Amino acid sequence: MIKKRSSVNKICMWCALILLIFIWGNSCIGATNSGAASGTITKAILKIINSFFGINVSFNTLHILIRKLAHFTEYAVYGLLLKGAAQTNAITTMFIGLLTAVADECIQYFTPGRAASVRDIIVDFTGFVCGMIVFWILRAMWHEFQNTVLKKHREKKNRTQN
């Protein structure tokens, strides 16, 4: 039996698709432009770290960290959205996430100046799974909220009827 998709499922699906286009689009950007974009962010964060905390962090170390955090974060959001959209079990959704990460690295392999990295696949997939976990936590909190509100509403309704 095919389940009918709710509005939330549809919104999550469209947002996941848009994010996937964003992710794969960024993977098509050559190394020079990609490095320049993340380099600008790294310089700004480096100034903040040096000014406020007085910590001496190398540009290269911070640049790598920021790029890996970007991978992790975009895939965490993708995992949350895809789990919100998918009407499949966790293993199937995780498999889709892994295939997406592998495809992302394949795109980078054929992009000038870029390279495919197993480490990035691991970072992406870890972010994806964390996003799925956040989805389950939020869903459990939502169900708990609904059950609490509905229970109070029923109790109030029963008191007024008696």
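Which residues line the second largest pocket? They are S6, V8, N9, C12, L80, K83, G84, F135, L138, R139, W142 and H143, where a lining residue has an atom within 4 Å of a pocket point. The model is predicted, so local features need pLDDT of at least 70, side-chain atom pairs count only at pLDDT 80 or more, and totals for chains, interfaces and linings use all residues. Residues are numbered from 1 along each chain as its sequence is written, and side-chain values use heavy atoms, leaving out hydrogens and water.

**Pockets**

- A pocket is an open set of points on a 1 Å grid over the protein atoms alone, where a 1.4 Å probe fits, with protein on both sides within 12 Å along at least five of seven lines.
- The largest pocket holds about 400 Å³ of space, the volume being the space filled by probe spheres set on the points.
- Its lining comprises 18 residues, of which N26, S34, R67, A70 and E74 are the closest to the centre.
- Helices α1 (7-27), α2 (31-53), α3 and α4 (90-109) each supply at least two residues of that lining; helices are DSSP runs (H or I, at least four residues) numbered from the N terminus.
- By class, the lining of the largest pocket has seven nonpolar, seven polar and four charged residues (Ala, Val, Leu, Ile, Met, Phe, Trp, Tyr, Cys and Pro count as nonpolar, Asp, Glu, Lys and Arg as charged, and the others, Gly among them, as polar).
- The second largest pocket has a volume of about 320 Å³, and its lining divides into six nonpolar, four polar and two charged residues.
- Helix α5 gives the most to the lining of the second largest pocket, with five residues, while α1, α3 and α5 (118-161) each supply at least two.

**Aromatic pairs**

- Aromatic rings of Phe, Tyr and Trp (its six-membered ring) pair if their centres lie within 6.5 Å; planes under 30 degrees apart count as stacked, over 60 as edge-to-face and the rest as tilted.
- By this rule there are four aromatic pairs.
- The ring centres of Y75 and Y78 are 6.1 Å apart with their planes at 85°, so this pair is edge-to-face.
- Both residues lie in helix α3 (residues 59-85), three residues apart, about one turn of the helix.
- Ring pairs link Y75, Y78 and F128 into a cluster.

- Y75 and Y78 are both buried, meaning under 20% relative accessible area (1.4 Å probe, protein chains only).
- Not counting residues up to four places away in sequence, Y78 touches A16, L19, L20, I23, I96, T100 and F128, contact meaning heavy atoms within 4.5 Å.

Terms used:
Buried < 20%, exposed > 50% of the residue type's maximum accessible area, 1.4 Å probe, protein only.
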